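Open the model in your viewer and keep the selection panel at hand. We will go from stop to stop, and at each one you get something to select and a short note on what is there.

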Amino acid sequence: MSISMEGVFYFVFFYPLFMAFFWMIGAVIFFIRHERNAHRPPMLPEYPFISVVVPCHNEGREIEDTIRKLAANAWPDYEIVAVNDGSSDDTGKVLDRLAQRVNRLRVVHLDRNFGKAMALRAGAYVARGEYLMCIDADTRLDHYAMHWMMAHMLNGARVGAVTGNPRILNRGSLLSRIQIGEFSSIIGMVRRSQRDVGRVFTVSGCHVCFRRRALHEVGYWSAETVTEDIDISWKLQLHYWDVRYEPRALAWIVMPETLRGLWRQRLRWAQGGIEAALKYASLLQAWTKRRMWPVYVEYLIGAIWCYAWAATVLCWIGTQLLPESWPAAFAVASILPKWTGVILAFVCLLQFTVGLYLDNHYEKGIFRNMFWAIWYPAMYWMISAIATIVAIPRAIYFRGKVRYATWRSPERGVA
Amino acid sequence: MRQVRRKSESQLQWTVEVAATALFWGLWAYFITPLLSLVLWYFGYRVFVEEMFELGGFEALQEQLRSYGLVIFSIFFVTGCWVMYNRLRYGGAHNTRTHMLAPVTLVETADVAGLKPAQAEAVQGAKRLVVSFDDSDHLLLRKSRATRASTKARKRRVSLPRRGRKA
């Protein structure tokens, strides 16, 4: 193996290892600083009026349950603004019927599908509150989630958004059970460690509270991005608004239970990430935007890692299939390193343990899912890496060509 | 709130999933075979000494741990410096935004939505709306139904003009 190929090989194995340590320690520090001692919903100095905006596109199966749970929330003063984004199923009829029974519910119908960003905009324009809680149509908000999020809003003048802790609602298939480990061991830990550093890559679009003043200042959501949550997070933070993470603000979400649905979702996430990276690349030249540099660099290195991983695997396959003719400079004899493999395996297990331990405070019995967590590195790393490899050329190709980014909800499989 | 949703799986599906997961755990165990060997070597001291010291296994492990430790330490040193810099530069007395900004007014919302203030007020009081967007991403009102919350709008007898889509 040549020195350059050896460098790629080491990068492929070392990067996940060191990031795992970074996330674990960051998450534990965050837990000790912010989560350890407060378990009851906070008493607030005031309980301002909140508008809960729920964009829906073909969510006839889920929306009724979501609205009913939402209408029974513990927050004293709020309205629900459901935005039917040009659905072709019975979502509109269900909402109109619900609006007759649920006093808090107001319904906005868009005359065609404009995409989630524009649906959110419509919701924000017709909403009355200064605080906008945006949830997906398949998100069941916890009884006290708004209390936890509003505590940040009321105590920090700089706070523009607070993102919550999404939990998996459906556990009927292997795919959804694997995602429990992912949300605890990866997403939750990444958010915690990013908050330690000061900036987060993205809020959870399915469960986030915004200050309208902040949204207004940055021009609300961008219609052309496939992941409006990544874009709005970057816009807010580049305008010096804080984006906080509140792990005690729980919401239960429905995740895809088919491989095709999962692939579409991951491809969209990856494309949204690269769209944001391209759109805001100039921030690297601006000293005043330096607080976003770590997030940007981490994302770039992650994207490079995906290509490095693919190159290593391809070279290994080439070496195995064509041992005689494969160039020696690109030969990879084994992708199973000696002691590195041992350490990787243990770090992986340690990461799952730490992630599940932290989330066990909010979801008792989650450790039972440890058995399924082993799939994560084998399957999700690969799916996410391949999705990133595919998404980058797609994002570059479609850049500037799309007016309204619309997408189909992920296939959730059986209900 | 605990509201986990499960579906009933067939016995075959469940068995296949458990078996496949067990297979991955087997793969994980394969990764740690050197460690298992280490334990086995412990019971055969001579072999252990031969593998770990004479053939350099222990040195290789030491070298790996040393290089890992160095990189991990560097990452946390840099991150720690960054966090401290942020705290010192932006925290406490250096926080330049300590007062709450005023809420967005109806006029401001109307402006960004492309509506007149009276229209925006009526929209914010409507129970049911049918809307669209024009090419400038301004709100176009198609139909609305007022609610009790829009008493102010009703008192002022604000009508919602229908606007056509811009060409």
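## First stops: two loops

Select Tyr240(A), which counts as partly exposed at 34% relative accessibility. The classes used on this tour are buried for under 20% relative accessible area, exposed for over 50%, and partly exposed in between, with a 1.4 Å probe and protein chains only. Tyr240(A) is found in the loop between helix H8 (228–238) and strand S8 (242–253) of chain A. Helices (H or I, at least four residues) and strands (E, at least two) are DSSP runs, numbered from the N terminus. Now look at the backbone: phi of Tyr240(A) is near 70°, a positive value in a residue other than glycine.

A word on what you are looking at: this is a predicted model, where local features need pLDDT of at least 70 and side-chain atom pairs count only at pLDDT 80 or more, while totals for chains, interfaces and linings use all residues. Residues are numbered from 1 along each chain as its sequence is written, chains are lettered from A and ligands numbered from 1 in the order in which they are written, and side-chain values use heavy atoms, with hydrogens and water left out.

Next, go to Asn58(A), in the loop between strand S1 (50–56) and helix H2 (63–71) of chain A. What is the phi of Asn58(A) near? The value is near 50°, again positive in a residue other than glycine. Asn58(A) is partly exposed, at 31% relative accessibility.

Show side chains now. A salt bridge here is a side-chain nitrogen of Lys or Arg within 4 Å of a carboxyl oxygen of Asp or Glu. Over all chains, a search of the whole structure finds 25 of them.

- Select Asp196(A) and Arg33(A), a salt bridge with its closest N and O atoms 3.9 Å apart. Asp196(A) lies in helix H6 (residues 174–197) and Arg33(A) in helix H1 (residues 3–35) of chain A, so the pair ties together parts that are 163 residues apart in sequence. Asp196(A) is buried, at 12% relative accessible area, whereas Arg33(A) is partly exposed at 44%.
- Select Lys235(A) and Asp231(A), where the closest N and O atoms of the salt bridge are 4.0 Å apart. The two residues are four apart in helix H8 of chain A, which means about one helical turn separates them. In general, an α-helix has 3.6 residues a turn, so residues three or four places apart point the same way. Lys235(A) is buried at 11%, and Asp231(A) is buried at 2%.
- Select Asp242(A) and Arg244(A), whose side chains meet in a salt bridge of 4.0 Å, N to O. Asp242(A) counts as buried at 10% relative accessibility, and Arg244(A) as partly exposed at 23%.
- Select Glu35(A), Arg167(A), Arg192(A), Asp359(A) and Glu363(A) together: salt bridges link them in a network.

## An enclosed helix

Is helix H4 (residues 116–126) of chain A largely enclosed or open? Eleven of its eleven residues are buried, so H4 of chain A is largely enclosed by the rest of the structure. Among the buried residues are Lys116(A), Arg121(A) and Tyr125(A).

## Over to chain B

Color chain B by secondary structure to see seven helices and two strands. From the N terminus on, the elements of chain B run α-α-α-α-α-α-β-β-α. Chain B has 167 residues, and 26% of them count as buried.

## Where the chains meet

Show both chains. Contact means heavy atoms within 4.5 Å, and 87 residues of chain A are in contact with 72 residues of chain B. The two chains bury about 7300 Å² between them, 63% of it on carbon and sulfur atoms. Buried area is the accessible area (1.4 Å probe) that two parts lose on being put together, summed over both.

How many salt bridges does the rule find across this interface? There are four. For an example, select Asp96(A) and Arg128(B), whose closest N and O atoms are 3.0 Å apart.

For the last stop, find strand S3 (residues 105–110) of chain A and strand S1 (residues 126–133) of chain B, which pair in the parallel sense over four bridges. Two strands pair if DSSP finds at least two bridges between them. Here His109(A) stands opposite Val130(B) in S1(B).
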